[in-house]
Amino acid sequence: MKNVNVSIEACLACMVECEKCATDCLTMQGHEECVKLCRDCADICALCARLCARDSKFADALCTLCVKCCEECAIECNKHDMECCKKCADACKKCADACKM
């Protein structure tokens with residue numbers, strides 16, 4: 001990972017959007033998978049930001065997982081026509097791109 005600050009900022013932004021999306025979709029029928037993926041993605045993004053901030057030797061491995069999780073979350077959120085899902089998918093795509101650097 002080349003630009004740690006960009007990755008940290010993208011991870012934190014993604015975490016926030018995933019939390020918002022999970023909360024908004026919690027009561028929506030047919031959004032169960034969205035809620036699950038958003039919660040997982042939020043947790044992984046938060047941990048990824050922390051490990052990157054402390055220059056952990058495990059940061060690169062976690063960034064690889066973060067990319068996969070963000071990509072899957074974006075795919076799921078794109079299935080729904082809700083503003084929170086659109087914002088989440090966008091944040092997930094940005095985070096995945098940042099963590100690939």
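Q: What should the 22 residues of helix 2 (residues 32-53) span at 1.5 Å a residue?
A: First, the conventions. This is a predicted model, in which local features need pLDDT of at least 70, side-chain atom pairs count only at pLDDT 80 or more, and totals for chains, interfaces and linings use all residues. Residues are numbered from 1 along each chain as its sequence is written, and side-chain values use heavy atoms, with hydrogens and water left out. Helices are DSSP runs (H or I, at least four residues) numbered from the N terminus, and the expected span is 1.5 Å times one less than the number of residues. Helix 2 should therefore span 32 Å, and its end C-alpha atoms are 32 Å apart, which agrees.

Q: What follows helix 2?
A: Asp55 follows helix 2, with a positive phi near 55°.

Q: How is a pair of packed helices described?
A: The description takes the angle between the two axes and the distance between them. Axes are lines fitted to C-alpha atoms over the stretch in contact, and angles run from 0 to 180 degrees between N-to-C directions. Here, the axes of helix 1 (residues 4-25) and helix 4 (residues 83-100) come within 8 Å and cross at roughly 155°. Helix 1 and helix 4 are therefore roughly antiparallel (angles over 145 degrees).

Q: Which classes of residue make up the contact of helix 1 with helix 4?
A: Contact means heavy atoms within 4.5 Å. The residues involved include Val6, Ser7 and Ala10 of helix 1 and Lys94, Cys95 and Ala98 of helix 4. By class, there are 16 nonpolar, one polar and four charged residues (Ala, Val, Leu, Ile, Met, Phe, Trp, Tyr, Cys and Pro are nonpolar; Asp, Glu, Lys and Arg charged; the others, Gly among them, polar).

Q: Is Ala98 buried or exposed?
A: Buried means under 20% relative accessible area. Ala98, found in helix 4, is buried with a relative accessible area of 4%. Leaving aside neighbours within four places in sequence, Ala98 is in contact with Val6, Ser7 and Ala10. Ala98 and Ala10 are 88 residues apart in sequence and 6.6 Å apart in space, C-alpha to C-alpha.

Q: Which helices are included in what covers the buried residues of helix 3?
A: Helix 1, helix 2 and helix 4 are included in that cover. The buried residues of helix 3 (residues 59-77) include Leu62, Val67 and Glu76.

Q: At what angle do the axes of helix 3 and helix 4 cross?
A: The crossing is at roughly 155°, with the axes coming within 8 Å. Helix 3 is therefore roughly antiparallel to helix 4.

Methods
Helices (H or I, at least four residues) and strands (E, at least two) are DSSP runs, numbered from the N terminus. Angles under 35 degrees count as roughly parallel, over 145 as roughly antiparallel, 65 to 115 as roughly perpendicular and the rest as oblique. Buried means under 20% relative accessible area, exposed over 50%, partly exposed in between (1.4 Å probe, protein chains only).
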